Amino acid sequence: MTRTTPQHVPMNQYRTENNCLVIGNTPLDILAHRIGQTPFYAYDRNLISQRVTTLRSKLPDQVHIHYAMKANPMPAVVQHLAGIVDGFDLASHQEMLVALDTTMSTDQISMAGPGKRPQELAAAIAAGITVNAESFNEIEQLAIQSDRVGLPANVAVRINPAFELKSSGMKMGGGPKQFGIDEESVPDALVKIKQLGLNFIGFHIYSGSQNLNAASIAETQSQAVDLAIRLQSDCPAPIAKLNIGGGFGIPYFPGEKPLDLNQVGDSMATLCDRVSAELGKTSLIIELGRYIVGEAGIYVCKIVDRKLSRGQVFLVTDGGLNHHLAASGNFGQIIRKNYPVTIGNKLSTQQIETASIVGPLCTPLDLLADKMQLPVADIGDLVVVFQSGAYGLTASPGMFLSQPEAVEVLV
Ligand SMILES: *Cc1c(COP(=O)(O)O)cnc(C)c1O
């Protein structure tokens, strides 16, 4: 058997024109001039729309698709998504303000996250959105803030389930966690919600992220539905909404394959039948961040130096870890692997070399590509990091080393 080096999934969502990557119908070099600076992030609105269309065609009609805003909270992106998804899930007051600037109906917006401050809870109540309560204290505080504001508090219970999402990049359920109320304490939380007269909406069960395995997603989803069915008799009102999380992953690294959405769709059809049979009119919600926007965005920086150190080529750029922590391998990765990276204005070049791409920061962590096969590049060329539409700019330490900021455009 021949051993082949694992490759990145081809980034064939983009066209090439005269050697140059095209995004939003604009060649990259022209886009750079139009923006007037590098580094920048560019997000393609058509690719975002196409992704939602694909989800709708593969998943049962009953499934409500929500966007998890922390993946990419750029206001223009959120505006665009407001017209095509069914709801927003957010995790801060600032994200809520961005969501409320759109046409999204407030009863399709929910706020999760530990440590919500009293003012944040009051703001959520005033806006009429649903708060996913993460603790007993938060439930009590919701009652206090509801009295203060003079409006009812819509509350869903975020459950920390006993199960976890297998083969997931980042686990957020199972075992002791800062997220949600432990499954075994949920009946007590429901009693408290009833005593305090809060408006019970349903459950939020989120157990992980970045999963490429359809079978493990299906297993976790069905466990979440089973859990809601078991808790049904303890609820102070019917379960209007059941948010079973998301976790749909995208391929970032060599050897990773895209999630089999057909398989996810098939298992969700069975799941929807079970929900209607056992829970009645409950709406089933999934919340996706990176799956909706991650593959629709690129990070672009410019090569400002090319040097040779003891035989190894280094391409030094005007941005790196400070704008794109994840691509540098420092956003929760255990072993550093290269993101799909290329030279965006030299795509058809025949000359290939092994080079490392490093950012301008005075730290060896600032590495965008480690000894990758790349088109031979020089000063002024544009480095493109693919799969950058989620957890990019706002998930990076932009202040580190006081370098210039990156800008974001939706094209
Ligand atoms: C981060 C987060 C998401 C989004 O995760 P993705 O991997 O981007 O899809 C969804 N729900 C909750 C509660 C989250 O914290």
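Strands here are DSSP runs of E with at least two residues, helices are runs of H or I with at least four residues, and both are numbered from the N terminus. You're looking at a predicted model, where local features need pLDDT of at least 70, side-chain atom pairs count only at pLDDT 80 or more, and totals for chains, interfaces and linings use all residues. Residues are numbered from 1 along each chain as its sequence is written, and side-chain values use heavy atoms, with hydrogens and water left out.

- Most residues other than glycine have a negative phi, and most peptide bonds are trans.
- Asn-18 has a positive phi, near 45°, even though the residue is not a glycine.
- With 74% relative accessibility, Asn-18 counts as exposed; that word means over 50% relative accessible area, buried means under 20%, and partly exposed is in between (1.4 Å probe, protein chains only).
- Arg-310 also has a positive phi near 45°, and Arg-310 is a residue other than glycine.
- You'll find Arg-310 in the loop between strand S16 (297-309) and S17, and its relative accessibility of 87% makes it exposed.
- Thr-38 and Pro-39 are joined by a cis peptide bond, with omega at about -5°.
- Pro-39 belongs to the loop between helix H1 (28-35) and strand S4 (40-43).

**The whole chain**

- The protein chain has 11 helices and 22 strands.
- A compact globule of 411 residues would have a radius of gyration near 22 Å, and the chain's 23 Å agrees with that. This radius is taken over C-alpha atoms, and the globule rule is 2.2 Å times the number of residues to the power 0.38.
- Along the principal axes, the C-alpha atoms fill a box of roughly 70 × 50 × 35 Å.
- Of the 411 residues, 55% are buried.
- Take the contacts between residues at least 6 apart in sequence: 72% of them join residues at least 24 apart. A contact means heavy atoms within 4.5 Å.

**Two helix pairs**

- Two packed helices are described by the angle between their axes and the distance between the axes.
- The axes of helix H5 (residues 118-127) and helix H6 (residues 136-149) come within 9 Å and cross at roughly 60°. Axes are lines fitted to C-alpha atoms, for helices over the stretch in contact, and angles run from 0 to 180 degrees between N-to-C directions.
- H5 and H6 are therefore oblique to each other. The cut-offs are under 35 degrees for roughly parallel, over 145 for roughly antiparallel, 65 to 115 for roughly perpendicular, and oblique for the rest.
- On the H5 side, the residues that meet H6 are Pro-118, Leu-121, Ala-122, Ile-125 and Ala-126.
- Sorted by class, the contact of H5 with H6 has 7 nonpolar, 3 polar and 2 charged residues. Nonpolar covers Ala, Val, Leu, Ile, Met, Phe, Trp, Tyr, Cys and Pro; charged covers Asp, Glu, Lys and Arg; the others, Gly among them, are polar.
- Helix H8 (residues 214-231) and H9 have axes that come within 9 Å and cross at roughly 5°, which makes H8 roughly parallel to H9.
- The contact of H8 with H9 has 11 nonpolar, 4 polar and 3 charged residues.

- Val-264 is part of helix H9 (residues 261-279), and its relative accessible area of 1% makes it buried.
- Val-264 and Leu-59 are 205 residues apart in sequence, yet their C-alpha atoms are 7.5 Å apart in space.
- Beyond its neighbours within four places in sequence, Val-264 is in contact with Leu-59, Ala-214, Phe-248 and Leu-259.
- His-324 lies in the loop between strand S17 (312-317) and helix H11 (325-328), and it is buried, with a relative accessible area of 0%.
- Setting aside neighbours within four places in sequence, the contacts of His-324 include Tyr-41, Tyr-299 and Tyr-339.
- Leu-361 is in the loop between strand S19 (352-358) and strand S20 (367-375), and at 7% relative accessibility Leu-361 counts as buried.
- The C-alpha atoms of Leu-361 and Ile-285 are separated by 42 Å, with the two residues 76 apart along the chain.
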